Amino acid sequence: MPKLKIRTYPDPILKKKAAPVTDFGPAAQKLFDDMVETMHVSDGVGLAAPQIGISQQIFIACPTMKFGEEFVMINPVIEEKSGAAAGLEGCLSVPGISAEIIRYTKLTLSFQDRHGKKHNGSFEGFFARVIQHEIDHLNGLLLIDHFSGKKREELLAQYAKVKNPPKL
Ligand SMILES: [Zn+2]
């Protein structure tokens, strides 16, 4: 069972812009550990704090899905970005739905680690995609928000079916 409860659409916290993190004390360390564990038991490659009901600029990324290879990224800012590629994405907060989303293929990111130390790193490919998906969460955006009109309606109809299957 996931350690922390994952909020799903249309929970209003998923629409909020997350606040910067200033506290890196013991309570924050426990939260980071709990997020790492929750991401793994949920079979996720990433998890952002709003998804567990905390509107702060924190996300976990683990493109390899291997225990011990997680990145805890705090107060992230995309400094440079380039390239574009479409790729299929799902989301723990919109379970049962997947959609092709165009993302930058390379980016430079400034962020703080779990102890508040500042870093600057270059990321590409799938890792860059995960980072962009998680930063969307910190800005109150879900994968369905990348679509409008008929495509968005289709995705929401599909989600409604997954969430409320016929009771037989
Ligand atoms: Zn997501």
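# Zinc site, cores and strands

Trainee: Which protein donors does the zinc ion have?
Mentor: They are Cys 91 (SG), His 133 (NE2) and His 137 (NE2), lying 2.0 to 2.2 Å from the zinc ion. Keep in mind that this is a predicted model.

Trainee: How are the donor residues spaced in sequence?
Mentor: The pattern is C-x41-H-x3-H.

Trainee: Cys 91 and His 133, buried or exposed?
Mentor: Both Cys 91 and His 133 are buried.

Trainee: Back to S4 and S5. How many bridges join them?
Mentor: Six bridges, and the two strands run antiparallel. S4 covers residues 85–90. Its residue Gly 90 stands opposite Ser 98 in S5.

Trainee: Which residues of S5 are on the covered face?
Mentor: Ala 99, Ile 101 and Arg 103. The uncovered face has Ser 98, Glu 100 and Ile 102. S5 spans residues 98–103.

Trainee: New topic. How many residues are in the largest nonpolar core?
Mentor: That core has 16 residues. Met 35 and Ile 58 have the most contacts inside it. Helix H1 (26–41), strand S2 (58–61) and strand S3 (71–82) each supply at least two of its residues. The largest share, six residues, comes from H1.

Trainee: What is Met 35 in contact with, leaving aside neighbours within four places in sequence?
Mentor: Leu 4, Leu 47, Ala 48, Ala 49, Ile 52, Ile 58, Phe 59 and Ile 60. There is also a second, separate core, of 15 residues. It includes Ala 18, Leu 107, Phe 111 and Ile 135.

Trainee: Zooming out, how many helices and strands does the protein have?
Mentor: Three helices and seven strands. From the N terminus on, the elements run α-β-β-β-β-β-β-β-α-α.

Trainee: Why call it as compact as a globular protein of that length?
Mentor: Because its radius of gyration is 16 Å, close to the 15 Å that the globule rule gives for 168 residues. The C-alpha atoms fill a box of roughly 50 × 35 × 30 Å along the principal axes.

Trainee: What percentage of the residues is buried?
Mentor: Buried residues make up 45% of the 168. The protein exposes about 9,000 Å², and carbon and sulfur atoms supply 57% of that area.

Trainee: And the contacts along the chain?
Mentor: Take contacts between residues at least 6 apart in sequence: 64% of them join residues at least 24 apart.

Terms used: Residues numbered from 1 in each chain as written. Predicted model: local features only at pLDDT ≥ 70, side-chain atom pairs only at ≥ 80, totals over all residues. Heavy atoms only, no water. Core = buried A, V, L, I, M, F, W, Y, C linked by side-chain atoms within 4.5 Å. Buried < 20%, exposed > 50% of the residue type's maximum accessible area, 1.4 Å probe, protein only. Helix = DSSP H or I, 4+ residues; strand = E, 2+ residues; numbered from the N terminus. Contact = heavy atoms within 4.5 Å. Pairing = 2+ DSSP bridges. Rg over C-alpha atoms; globule rule 2.2 N^0.38 Å. Areas by Shrake-Rupley, 256 points an atom, 1.4 Å probe, with all protein chains shown as cover. Donors = N, O, S within 2.8 Å, 3.2 Å for Na, K, Ca; no water.
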